[in-house]
Amino acid sequence: MRQAVAVYPGSFDPVTYGHLDILSRSLELFDKVIIAVALNIEKTGLFTFEERSDLIRASVNHNDRIIVDSFHGLLVDYVKRVNARFVIRGLRAMSDFEYEFQMASMNRNLDTDMDTIFMMTSKDYFFVSSRTIKEVASFGGNVTEFVPEAVGKALKEKFPQP
Ligand code: ADP
């Protein structure tokens with residue numbers, strides 16, 4: 001039987017419980033979910049691409065149905081290459097919508113077979129983004145509620161407090 005595979009792409013710089021919530025809900029819909037870290041040379045982040053993938057791996061329980069990978073170039077090409085049809089994206093606020101709507105429409109134009117599935121954020125994580133997590137952590141704020149243990153530790157190493 002053909003397996004239903006979805007790709008969950010993003011920067012994941014770093015992964016948060018918001019991302020993991022979308023991931024676990026996706027696993028209820030799909031047989032396999034590929035978390036695909038986007039390698040964007042122009043957009044350098046706090047963590048290297050390798051660190052981001054390692055942090056994702058350290059944050060998910062071993063599960064054959066979750067694959068951690070990375071890609072560069074067009075998402076539609078990657079999705080085709082891995083024999084998937086669906087892309088998962090999370091929506092937090094109206095502000096996410098406009099960008100996501102443009103991206104999904106563009107991707108659908110580039111490949112009419114591909115479809116994007118949007119999942120609404122959970123009430124506990126609607127205000128959680130990698131960007132705010134990094135900002136709070138950089139000032140020594142406590143983010144343990146919002147990120148897996150490995151990420152909390154890695155953030156402390158990036159932002160040592162006196
Ligand atoms: P990008 O840089 O591509 O936006 P991110 O790593 O920030 O990548 O996020 C990847 C996906 O996860 C996006 O669809 C984003 O909207 C979603 N996401 C991030 N944080 C949350 C959250 N707290 N709740 C729901 N979805 C989220």
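Trainee: In which loop is P14 found?
Mentor: Happy to start there, with residues numbered from 1 along each chain as its sequence is written. This is a predicted model, in which local features need pLDDT of at least 70, side-chain atom pairs count only at pLDDT 80 or more, totals for chains, interfaces and linings use all residues, and side-chain values use heavy atoms, with hydrogens and water left out. Helices (H or I, at least four residues) and strands (E, at least two) are DSSP runs, numbered from the N terminus. P14 belongs to the loop between β1 and α1.

Trainee: Is the peptide bond from D13 to P14 cis or trans?
Mentor: Most peptide bonds are trans. From D13 to P14, however, omega is near 0°, and the bond is cis.

Trainee: What is phi of F12?
Mentor: F12 also sits in the loop between β1 and α1. Most residues other than glycine have a negative phi. F12 is not a glycine, yet its phi is positive, near 50°.

Trainee: How far does a backbone N or O atom of F12 lie from an oxygen atom of the ligand?
Mentor: Of the 17 residues around the ligand (a heavy atom within 4 Å), F12 is among those that come nearest, together with Y8, S11, G90 and Y125. A polar contact is a pair of N or O atoms within 3.5 Å. For a backbone N or O atom of F12 and a ligand oxygen, the distance is 2.8 Å.

Trainee: Which elements give two or more residues to the shell around the ligand?
Mentor: Two of them are β1 (5–10) and α1 (17–26). The others that give two or more are β4 and α4.

Trainee: Which residue is the bridge partner of L91 in β5?
Mentor: Strands β4 (residues 86–91) and β5 (residues 115–120) run parallel, joined by six bridges; DSSP must find at least two for strands to pair. Between them the chain passes through helix α4 (residues 94–110) in a right-handed crossover, meaning clockwise from the first strand over the helix to the second with the strands pointing away from the viewer. In β5, L91 is partnered by M120.

Trainee: And which residue in β3 is the bridge partner of I35?
Mentor: Six bridges also join β2 (residues 32–38) to the parallel strand β3 (residues 66–71). With helix α2 (residues 49–59), these strands make a right-handed β-α-β unit. The β3 partner of I35 is V68.

How values were computed. Polar contact = N/O pair within 3.5 Å; in protein donor to acceptor, adjacent residues only side chain to side chain.
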